[in-house]
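Please look through the following structure with its sequence at hand.

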Amino acid sequence: MSALPEKLLLGVSGSVAVLSLPGYLHAFRTAGVRQIVAVLTTTAARFLPPSSLAVLCDRVCTDDDPAGGHVALGRWADRALILPATANLLGTVAHGLAPTLLTTTVLAADCPVTFAPAMNPVMWQRPAVQRNVALLREDGHDVVDPIPGAAYEVASRAIVPSIVVPPAEVLLERLAADAEVPA
Ligand SMILES: Cc1cc2nc3c(=O)[nH]c(=O)nc-3n(C[C@H](O)[C@H](O)[C@H](O)COP(=O)(O)O)c2cc1C
């Protein structure tokens with residue numbers, strides 16, 4: 001097993017699960033991840049203001065504020081974690097498309113990439129989504145299966161049985177494990 005990454009690129013896409021992100025960031029910092037740069041999609045930045053992550057991250061980048069750009073971000077990172085990963089993000093990367101700073105950075109990243117999908121169980125079970133997950137794994141990406149849990153559902157405005165991203169300890173184990181650089 002390798003050590004935890006020193007330089008973590010955190011990609012954040014537009015799932016309602018972004019609201020749990022500060023707790024994960026706190027756990028990553030506590031575990032000893034030293035530098036975290038977050039890249040938010042435009043949708044993620046609508047759910048969670050980038051400034052609210054600035055306290056826990058060394059830098060927060062968006063499509064409107066791309067810092068040094070995708071190549072520099074991808075070169076800087078030891079590991080990348082996409083948390084949460086939307087169905088849209090999974091499909092876009094699986095097909096080699098790069099319409100945003102985050103997807104371009106993932107394409108340019110020269111380090112292992114872990115995806116933590118977060119979505120409604122019906123979406124997750126769709127053959128098209130599962131095909132995209134299989135494509136990502138074939139290319140050497142690490143995709144963490146969601147686990148049964150309870151999630152806030154915007155449609156019903158209630159906490160309902162659902163599937164959720166595994167706890168921070170599980171993600172930290174994945175980040176500390178040896179992983180290949182995607183083809
Ligand atoms: C309230 C709300 C919650 C959403 N939650 C999710 C989600 O949990 N997972 C998901 O895959 N998409 C979710 N979506 C849809 C994404 O936001 C949408 O596909 C968007 O285009 C994703 O963009 P991004 O991948 O560039 O962040 C949600 C949309 C809304 C309006």
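Predicted model: local features only at pLDDT ≥ 70, side-chain atom pairs only at ≥ 80, totals over all residues.

The open sheet is built from 6 strands in the order E3-E2-E1-E4-E5-E6, with parallel pairing. Its edges are strand E3 (59–61) and strand E6 (142–143), each of which pairs on one side only. Within this sheet, strand E1 (residues 7–12) and strand E2 (residues 35–40) run parallel and are joined by 6 bridges. One of the residue pairs can be located at Val12, whose bridge partner in E2 is Leu40.

Strand E1 also holds Leu10. Is Leu10 buried or exposed? Leu10 counts as buried because its relative accessibility is 0%, and the cut-off for buried is under 20% relative accessible area. Leaving aside residues up to four places away in sequence, Leu10 touches Leu21, Leu25, Ile36, Val37, Ala38, Val39, Leu81 and Leu83.

Next come the helices. Helix H9 (residues 168–176) lies across E1, strand E4 (79–85), strand E5 (113–117) and E6. Relative to E4, H9 runs at about 150°.

Another packing arrangement involves helix H5 (residues 87–94) and helix H8 (residues 127–138), whose axes come within 9 Å and cross at roughly 50°. In handedness, the crossing of H5 past H8 is left-handed. On the H5 side the contact is made by Ala87, Leu90, Gly91, Val93 and Ala94, and on the H8 side by Val129, Asn132, Val133, Leu135 and Leu136. Sorted by class, this contact has 8 nonpolar and 2 polar residues, and no charged ones.

Strand E7 (residues 147–153) and strand E8 (residues 158–164) run antiparallel, and 7 bridges join them. Ala150 has Pro161 as its bridge partner in E8. E7 and E8 form a hairpin, with 4 residues between them.

The last topic is backbone geometry. Most residues other than glycine have a negative phi, and most peptide bonds are trans. Against that background, which residue in the hairpin turn has a positive phi? In the turn, this is Arg157, with a phi of about 55°. Arg157 lies in the loop between E7 and E8. Arg157 counts as exposed because its relative accessibility is 62%, and exposed means over 50%.

Ala67 likewise has a positive phi, near 50°, in a residue other than glycine. Its place is the loop between E3 and helix H4 (70–76). With a relative accessible area of 30%, Ala67 is partly exposed, as that class lies between the 20% and 50% cut-offs.

A cis peptide bond links Leu83 to Pro84, with omega near -10°. Pro84 is placed in strand E4, and Leu83 is among the residues that Leu10 touches.

How values were computed
Residues numbered from 1 in each chain as written. Heavy atoms only, no water. Axes fitted to C-alpha atoms, helices over the stretch in contact; angles between N-to-C directions. Helix = DSSP H or I, 4+ residues; strand = E, 2+ residues; numbered from the N terminus. Left-handed = near helix turned anticlockwise from the far one by under 90°. Contact = heavy atoms within 4.5 Å. Nonpolar A, V, L, I, M, F, W, Y, C, P; charged D, E, K, R; others polar. Pairing = 2+ DSSP bridges. Buried < 20%, exposed > 50% of the residue type's maximum accessible area, 1.4 Å probe, protein only.
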